[in-house]
Amino acid sequence: MASVSMTVNGREVSGDVEGRTLLSSFLRDDLRLTGTHVGCDTSQCGACVVHVNGAAVKACTMFAVEADGAEVATIEGEANADGSLSVIQQAFQDHHGLQCGFCTPGMVMSAAALLKENPTPTEAEIREYLEGNICRCTGYHNIVKAIMAASGQDVAAIAAE
Amino acid sequence: MYAFDIERPSTIADAVTALQGEDAQALGGGQTLIPTLKQRLAAPSKLVSLSGIGEMQGVCVGDDGAVCIGGATTHATVSREAAAHYPGLAALASHIGDPAVRNRGTIGGSLANNDPAACYPAAALASGATIVTNNREIAADDYFQGMFSTALDEGEVITEVRFPVPQAANYQKFLQPASRFALVGVFVAKYADGVRVAVTGASENGVFRWAEAEAALSADFSASTLDGLNMDADGMIADLHGSSAYRAHLVKVNTKRAVDAAS
Amino acid sequence: MPKDSGIGASPKRREDVRFLTGAGKYTDDINIYGQTYVHFLRADVAHATINSIDTSAAAAMPGVVQIFTGADFEAVGGIPCGWQVTDRFGEPMQEPRHPVIAHGTIRHVGEIVAAVVGETLAQARDAAEAIVLDLTEKPAVVDMKAAAADGSTKVHDDLTSNICYDWGFVEENRDAVDQAIKDAAHVTTLELVNNRLVANPMEPRVAVGEYSRSDDMHTLHTTSQNPHVIRLLMGAFVLGIPEHKLRVVAPDVGGGFGTKIFHYAEEAFCTFAAKAVNRPVKWTSTRSEAFMSDAHGRDHVTKIELAMDADNNFTAVRTETYANMGAYLSTFASSVPTWLHGTLMAGNYKTPLIYVNVKAMFTNTVPVDAYRGAGRPEATFQLERVIDKAARERGVDPIALRRQNFVTEFPYATPVAVEYDTGDYEATMAKLEEIADIGGFAARRAESEKNGKLRGLGVNCYIEACGIAPSNLVGQLGARAGLYDAATVRVNATGSISVMVGAHSHGQGHETSFPQVISEMIGIPEDQIDIVHGDTSKIPFGMGTYGSRSLAVCGSAMVRAAEKVINKAKKIAAHLLEASDADIELKDGQFSVAGTDKSVAWGDVTLAAYVPHNYPLEDIEPGLEETAFYDPANFTYPAGAYACEVEVDPDTGKVTIERFSAADDFGNVINPMIVSGQVHGGIAQGVGQALLENCAYDEDGQLISASYMDYAMPRADDLPFYSVDHSCQTPCTHNPLGVKGCGEAGAIGSPPSVVNAVIDALQSGGKNVTHIDMPMSPSRVWEAMNNA
């Protein structure tokens, strides 16, 4: 066992983990931050995307000990301080960018990383950026639309509803 | 996963020492290794993480003009920091896996694993890169030794990769629809002394150079030069996603497209 | 002006807030004090005799609580099949025992061979590796036609063959159909494969079993679309636990698409083992396990013939299908290729004679069952593909050929035993032509050709049967359950409402759309109304969510219960207003006496019901809570027309979806935003089937596409924005809301148009390709072009 300390959503946390403990299981099982989901075992689905030192990573494909000393941000820390939805979260709700909600935490975290890098992405850039986030419910239409809307673009021309 | 310990050395020397233990294995970004461990297809007793080694990070330009990339540099960093020096290489890095994978996966990890469908081996081979390890320098032509097989010795660490910068280059990747690895990827690099063409994804022997195309393109760097050439389907991979004939065909298509797009 | 609440409005989904903030509670988020973890040792061969299982070394390993094998489950029931199909000779289908854990024989890769319960998952898995299996491998039965041949290895030695049933429908029409085909001016024949798929909800399945010795109560937390169905099947048929001692909870569920309807061995195991080890037992599927243990979908091999007269009127359809059941019969497996498939073979057309033959086959593969659409996509695909081929053969416009043969008068009794109550196929086709800008296609094709690409347009219609189903009818057809649904409307003293519904929401947004209906009926704000679902201890009963039935069946039950509540409330209001209850009107949350200005608010009436000081106690009981069960009178028949435009790269065979348009008739629409979202998702799954997804086995029964590395899931950059429309509305005539169901339409309606479009593109490039099997991967398209 090794002890790890990190900052998760602005709070100092620590714990004892095995070498093989993944960051996703440290978050889910040790910290009980169950918003980070695990949908595959081949690093493809992206339901587990969190930010480590500001960069989007797949928490199921990184060991907890590798996040020792890091700043980690998860979906639980995305809302505004008063609990209201962030701009991206609000856009997902406004444009029905989620259905079952399982891929949603990873989608939101990826969208946040994208908009930090590229504040006004095109439709094609959004679709390419989401290559590592699989959604089975929405057909991506409203996810892409929500991210465009969150970046301040006019989405009225995209098929309504 | 089986149980193992993880060490996080901060110098190459410490990493090399740590890797001398029995069943110790280097951990780059883990984007291939961790899924492999989940399937229990590997059973290291110790992983030595290279991500904390500062001297293996980053992109610089050497005195000879070569782009030098630290072995633990992520694909995302290469795509940003190599763009001004070797745009063809930066473009390749910017399309490996997906954004989250690119934030973890490293050039050293990719080359050490030598997955037959990985992108970096094509760039390294087509560029005539030098793979620098903790104790020697290996020419790319000597480094790749077939699927998942390299010239690396047990415990040897890729500390840096040096890419001579070509006059023009381009990488064309045709995606395997599920994994999004290369079903066939072709890297074309035009140097003053000739053109090099490296193919990934296609062959049962891993990345390889297409000598006939190189000869033709060295004489005339245009896509139409390749019209008369055909890649032999023998030895090409055949699977759910394409026959060997299809892969052979894509080698030619991608090579032509890379020549057209090379800049 | 669009409404901002009630029926027809698109309020934002209330469930989104928890999902967007990481506060959703999915089954894997449940952890119970003292819980253990189970790791299933799964078969890595497709077919073998189990000579012995030695668990002694494993049992001695650290952290092992208990190890179970098939012998431990000999005394309990097998996993039941919920539908008995009668074959064309009048005999019941062959129905093998489906053990919780393989006993004596392994019949598919992924079948559970042993289960290790451990203190940690890693310890359980470590111990599983120490289990020693002595197996004698047998040849694997994989190909369905080979499985049907005399002398084939049998999947089940105790059955007479690998044929589960040989079904004919309508058997009495068989000779007439044969004759009509002989007499036809033209017959178009097409052989095709409806590819095997894996549903792949993003949340893998999870089961947590609990047992409380103090009250002999079993609780199963599970990723299910229908907790009551699981309680019934597992309690009554497998473990012998009466309903009052078994609670099944399905909390937030991360997508289902059919594959979370069924009762699975892992659920029974966790429930059984929790009592055996006297601790909670948790199982979380990995994605790799999901590929080999979730029921698969589709997997039909079909030959269809379409007969026409000299004027291109359809005169007969004959189809012969081999349908894969896999190694065992999953919950609804037997009904999918029969009653959910044969009954839809008329499509949107007035073909007078139809005969459907289906041979359901046992193979050494994972069980196959309903996946989004379930039988209806298979019917639609073959019919709409053969019509397209016929149009090409006859040199007529494929849209015109369809129009010429549309059913135009309703109700319409098809020759395959169902009656379409209402529809307007011309209207949805006209709407499609508009939204797909079919008139502009030629110019777009010219533009693509300039860029060296082949462009194709594909169109198809579809019809489906939803709102499953009238219980007396399905009983006659072999269903072993009723298919009604139930709801309780509980009005609280201050007027707020909790509605307990049997439908389960796992992405469909019931928590938002169901209150819209109640709000419309009573005239109180939607935020005064909550939906409760997914827990057998909280809701009266329910058959769950599948077959696009939630609103049509459970929504109707909710309306009926609300009507009872309103009727009772009117009596209370009449008492308070000193009027006759026949004169009481309810509008905007106010009860008033017709023709007067006397009124009393909803909240005053509900308070009176619970504080009955001034109350007609001699006539009515206090309280305000009503339950209704609703059994549908007929199926509902959503229908529509879809168009796909593709570009094909002639150098590589890669297909790109350039445009996709869907014009649907869902009857009345409660929440247009949610309905569009359902169609979007369905289209993506249909395009996935057409271009990407392929669940493949090799001849030894090994699953080749066993992870996302080989099973191609549609991703954001595989798909365009869609154009969807549901303004054509012919309300269902037999349910109170006039709704038809929208959950599966996209997946049913989209595959044929994608294939039709690719064929159109290749034909435009001079390639005489008439069919490509799905998925039309780049390599398959390239090979088809090369062979043309």
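Me: Does α3(A) pass α5(A) in a left-handed or a right-handed crossing?

Reply: Please keep in mind that this is a predicted model. Helix α5 covers residues 141–150 of chain A, and its axis comes within 11 Å of the axis of α3(A). The crossing in which α3(A) passes α5(A) is right-handed.

Me: What is the orientation of α3(A) to α5(A), going by the crossing of their axes?

Reply: The two axes cross at roughly 40°. Roughly parallel would need an angle under 35 degrees, and roughly perpendicular would need 65 to 115, so α3(A) counts as oblique to α5(A). The orientation asked for is therefore oblique.

Me: How many residues of the contact of α3(A) with α5(A) are nonpolar?

Reply: On the α3(A) side the contact is made by A:Met107, A:Ala111, A:Leu114 and A:Leu115. A:Ile143, A:Ile147 and A:Ala150 come from α5(A). The contact has no polar and no charged residues, and the number of nonpolar ones is 7.

Me: Which strands stand at the edges of the 5-stranded sheet of chain A?

Reply: This open sheet has mixed pairing, and its order is β2-β1-β5-β3-β4. Each edge strand has a single partner, so one side of it is left without a neighbour in the sheet. From one strand to the next, the twist averages 40°. The strands at the edges are β2 (11–17) and β4 (55–58).

Me: Which residue of β5(A) stands opposite A:His51?

Reply: Strand β3 (residues 49–52) of chain A runs antiparallel to strand β5 (residues 71–73) of chain A, and 2 bridges join them. A:His51 has its opposite number in β5(A), and that residue is A:Ala73.

Me: Which strands of chain A does helix α3 touch as it packs on the sheet?

Reply: Helix α3 spans residues 104–117 of chain A, and its direction makes about 40° with that of β3(A). It packs on the sheet by touching two strands of chain A, β3 and β4.

Me: What are the edge strands of the 4-stranded sheet of chain B?

Reply: Here the pairing is antiparallel, and the order in this open sheet is β9-β10-β11-β12. Each edge strand pairs on one side only, and the two are β9 (168–175) and β12 (208–209).

Me: Which residue of β10(B) stands opposite B:Ala169?

Reply: β9(B) pairs in the antiparallel sense with strand β10 (residues 182–191) of chain B, over 8 bridges. Within β10(B), the residue opposite B:Ala169 is B:Ala189.

Me: At about what angle to β10(B) does helix α10 of chain B run?

Reply: Helix α10 consists of residues 244–261 of chain B. It lies across β9, β10 and β11 of chain B.

Me: Which helix gives the most to the side of chain A that touches chain C?

Reply: The contact takes 46 residues from chain A and 48 residues from chain C. On the chain A side, α2 (87–94), α3, α4 (123–129) and α5 each supply at least two residues. The biggest giver, with 4 residues, is α2(A).

Me: How many nonpolar residues are on the side of chain B that touches chain A?

Reply: This contact takes 22 residues from chain B and 22 residues from chain A. β1 (5–7), α2 (33–38), β3 (46–49) and α5 (99–102) of chain B each supply at least two residues to the chain B side. That side has 6 polar and 6 charged residues, while its nonpolar count is 10.

Me: Which residue is the bridge partner of B:Leu27 in β3(B)?

Reply: β3(B) pairs in the parallel sense with β1(B) over 3 bridges, and there B:Glu7 is partnered by B:Val48. Strand β2 (residues 24–27) of chain B also pairs with β3(B) in the parallel sense, over 4 bridges. In β3(B), the bridge partner of B:Leu27 is B:Ser49.

Me: How many residues are polar on the side of domain 1 of chain C that touches domain 2 of chain C?

Reply: The domain assignment of chain C gives domain 1 as 16–22 + 484–630 and domain 2 as 31–138 + 202–255 + 260–293. Their centres are separated by 39 Å, and 14 residues of domain 1 are in contact with 15 residues of domain 2. The domain 1 side has 3 nonpolar and 1 charged, and its polar residues number 10.

Definitions and conventions. Residues numbered from 1 in each chain as written. Chains lettered and ligands numbered in written order. Predicted model: local features only at pLDDT ≥ 70, side-chain atom pairs only at ≥ 80, totals over all residues. Pairing = 2+ DSSP bridges. Axes fitted to C-alpha atoms, helices over the stretch in contact; angles between N-to-C directions. Contact = placed C-beta atoms within 7 Å. Parallel < 35°, antiparallel > 145°, perpendicular 65-115°, else oblique. Left-handed = near helix turned anticlockwise from the far one by under 90°. Nonpolar A, V, L, I, M, F, W, Y, C, P; charged D, E, K, R; others polar. Domains from an automatic or database assignment.
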